[in-house]
Amino acid sequence: MLETSSPGAESSDCEICHGLKPHGKNRACLLPVFIKSSCRRCAFILHLLDKCVPKNQMRNVGAIRFGINHERYRPCEVYIHATKLHKDIGHRIASLNDKPLDNLSLPDLRNICNDRSKTYEASLTVLELFSLKGSESRLSIWPELQVVDQRVSKHSGDASCIQFIRDRLQNCCSGHPGPCNTPNSEIPRRLVDIGSHSSLIYLREYPNGIFSSHERTVQYSALSYCWGDPTRLLKTLTTNLNQHKSGIPREILPLTIQDAISISLQLNLKYIWIDCLCIIQDDKTDWEIESSKMGTYYRGAHLTIAATSSTDACQGIFSERPVGFTGDLAFVDEEGKRHELVVQPALDYQGNFGTLGERAWAFQENALSKRIVHFTETGIAWECNEGFSYEDGRTLDWLGVKSRMKKDEGHWARLLESFSTRKLTHLSVKLAAISGIAATIHEQTGNHYVAGLWEETLLYDLCWTSEYWFEPLYKGFNPVPQPIEAPSWSWASINVSIYWINRHPNVEFSTYSKVTRVECSALGSNPFAGFVEGCVEIEGLVSQGTVIFDDGTMDFVVALEMSNNTKYTESAFRPDTGVDVVRNNTANPSGLPRLRRADTPPKPLEAELTCLWLRTSFDPTQYTEPNSYVFGLAIAESDSKPGYFSRVGSVDCWILGRHLSWVSDNLKCSYRRVCLV
């Protein structure tokens with residue numbers, strides 16, 4: 001255990017670190033200046049760097065930048081950022097309590113490292129520093145230092161880890177009324193019986209929901225995991241269904257499934273639901289029916305086990321914890337008191353733990369499970385409908401993915417913004433991967449689901465914007481590799497993350513259009529999955545303009561026709577995907593071609609721009625000088641259905657001040673009926 005003595009100099013007025021006061025801004029200082037400082041806080045920063053940063057990274061470090069940041073739902077953070085030529089080494093040490101700090105200005109280190117204007121190679125190590133329960137007193141250098149009950153175990157399969165889960169499970173079952181203990185509405189059609197014999201497991205099938213009186217109250221676990229290579233995964237097929245009912249040798253199962261069975265048995269759970277075994281994978285009808293009920297199955301599970309950091313089913317759940325930057329610090333303060341501190345890899349406070357947090361299917365598995373235990377690289381995290389706790393004893397009021405399930409205005413947009421960033425192997429099942437959440441909302445509200453949106457709030461739901469034009473800067477332009485079964489006005493028709501602007505409850509808004517008709521036909525037996533055809537009829541204000549793409553500036557220039565016969569050039573066109581041009585089916589006054597979606601990056605073009613305006617919103621609390629946000633759809637004649645239109649992107653602009661009728665007051669518009677497909 002490393003020890004350091006604290007210099008006796010008072011450091012609240014240190015000109016180098018400024019006492020690490022919360023109101024201090026991000027500061028930078030040359031490393032030699034830190035070394036010569038007599039300030040005990042400066043000495044402590046150097047000691048942390050010496051303990052936590054690999055020696056090869058600290059060579060030739062020229063400066064240290066540090067500051068304090070605070071984000072909602074997570075501890076305040078002290079950033080230590082060591083910089084050398086062409087390389088940034090960032091270290092984030094979360095140390096303070098959850099009390100908000102004001103007037104802070106510190107950029108996110110990850111954004112600094114990803115700045116395309118710099119040629120840095122970035123290496124960001126995220127650590128957390130805590131005081132260990134039982135130390136003499138709180139560390140005077142940071143009086144607000146959080147205290148943890150214990151260190152995380154060195155291996156996630158240790159008895160102490162299982163006991164942590166057992167304690168959290170018992171506490172939730174006995175002390176959390178409401179959503180955490182809602183009775184099961186439906187038992188899965190198939191469950192894996194893991195408690196009959198030690199060497200075999202059995203696939204139990206209950207056709208038509210027929211169970212014994214005992215089985216009606218059966219408690220089962222569910223597994224949330226990444227498949228990885230499907231050819232290496234044992235699956236239930238039409239050819240081996242009867243064989244799986246007769247018994248499956250436990251030793252032939254992938255390691256992740258074996259570990260999930262071991263955890264379940266230690267928690268006295270006799271059954272487990274695992275998709276690869278409980279759904280007949282080569283039976284399309286069975287897959288559609290059972291996948292549509294996955295949300296119900298995860299919601300009914302006594303506990304969901306999340307193999308959060310496992311990249312595939314063969315990797316396993318249990319693992320050794322990383323030891324490269326973990327350890328203990330013994331700190332002796334100016335009064336001679338010795339404090340035991342714990343340094344460990346940081347928890348992801350956004351809830352997107354590990355590889356599983358990147359997968360689309362896992363989103364609804366997490367959101368709908370009443371209890372879920374995450375096996376992460378850095379520790380075990382417990383999450384239920386009442387809160388969140390960590391293996392070292394910390395308890396947070398933050399609910400991760402579950403917080404996005406909060407029933408308020410804009411909650412569906414909040415869910416989709418997160419879900420759309422996740423990965424899918426097969427894009428054709430994009431809507432199926434969130435169908436469990438959709439079915440749950442339909443069950444609770446009675447609202448009608450149409451291709452990923454809700455008919456009752458459709459005018460607002462249509463106001464999504466594609467991140468396509470921003471993502472390629474980091475990911476490169478990638479053509480859509482598979483057809484996506486959804487109409488163009490649905491976010492599910494593109495393979496890009498999306499967002500809404502001004503989705504907050506306090507927003508004031510006005511509309512320029514109304515939805516007059518919705519027709520949507522589902523594909524297959526799951527009414528919340530694929531939608532091949534869908535038509536939305538909208539009556540509203542339509543205006544014309546032109547859009548030019550310059551590959552030199554890599555930007556679109558928009559000119560909208562105004563009522564005073566001038567051009568408005570301050571709006572933005574945001575394509576849903578790549579775009580190209582095609583001649584119109586009908587004559588138009590401009591003589592320009594129209595836009596259409598494409599699988600390739602845009603080339604220099606000039607095209608007509610038809611805008612269907614939906615709404616203007618005004619949020620007086622969002623900026624120092626509040627703006628009105630004007631939003632419309634960029635539409636073009638459909639290639640496949642004459643007389644109909646397809647969405648190709650969105651058009652928006654910001655107007656200083658409150659102008660809820662800006663479109664009708666300023667643009668040359670006509671009131672038209674438009675059918676979108």
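Predicted model: local features only at pLDDT ≥ 70, side-chain atom pairs only at ≥ 80, totals over all residues.
Let me begin with Asp-286, which is buried, with a relative accessible area of 6%.

Asp-286 forms a salt bridge with Arg-190, and the closest N and O atoms of the two are 2.9 Å apart. The partners come from distant parts of the chain, 96 residues apart: Asp-286 lies in helix α9, residues 284-292, and Arg-190 in strand β8, residues 190-193. Is Arg-190 buried or exposed? Its relative accessibility is 1%, so Arg-190 counts as buried.

This pair also belongs to a wider arrangement. Through salt bridges that share partners, Arg-189, Arg-190, Glu-205, Lys-245 and Asp-286 are joined into one network. In total, the structure holds 19 salt bridges.

I turn now to Glu-537, which takes part in a salt bridge with Arg-517 and in another with Arg-673. Glu-537 has a relative accessibility of 11% and therefore counts as buried, the limit being under 20%.

Consider Arg-517 to begin with. The closest N and O atoms between Glu-537 and Arg-517 are 3.4 Å apart. This bridge connects strand β26, residues 531-550, which holds Glu-537, with strand β25, residues 513-522, which holds Arg-517; the two residues are 20 apart in the chain. Arg-517 counts as partly exposed, at 28% relative accessibility.

For Arg-673, the corresponding distance to Glu-537 is 4.0 Å between the closest N and O atoms. Here strand β26 is linked to strand β35, residues 669-676, and the partners are 136 residues apart. Arg-673 is exposed, because its relative accessible area is 54% and the limit is over 50%.

My last topic is the pairing of helix α11, residues 360-368, with helix α13, residues 435-445. Their axes come within 8 Å and cross at roughly 40°.

Sorted by class, the contact has four nonpolar and four polar residues, with no charged residues.

Terms used. Residues numbered from 1 in each chain as written. Heavy atoms only, no water. Salt bridge = Lys/Arg side-chain N within 4 Å of Asp/Glu carboxyl O. Helix = DSSP H or I, 4+ residues; strand = E, 2+ residues; numbered from the N terminus. Buried < 20%, exposed > 50% of the residue type's maximum accessible area, 1.4 Å probe, protein only. Axes fitted to C-alpha atoms, helices over the stretch in contact; angles between N-to-C directions. Nonpolar A, V, L, I, M, F, W, Y, C, P; charged D, E, K, R; others polar.
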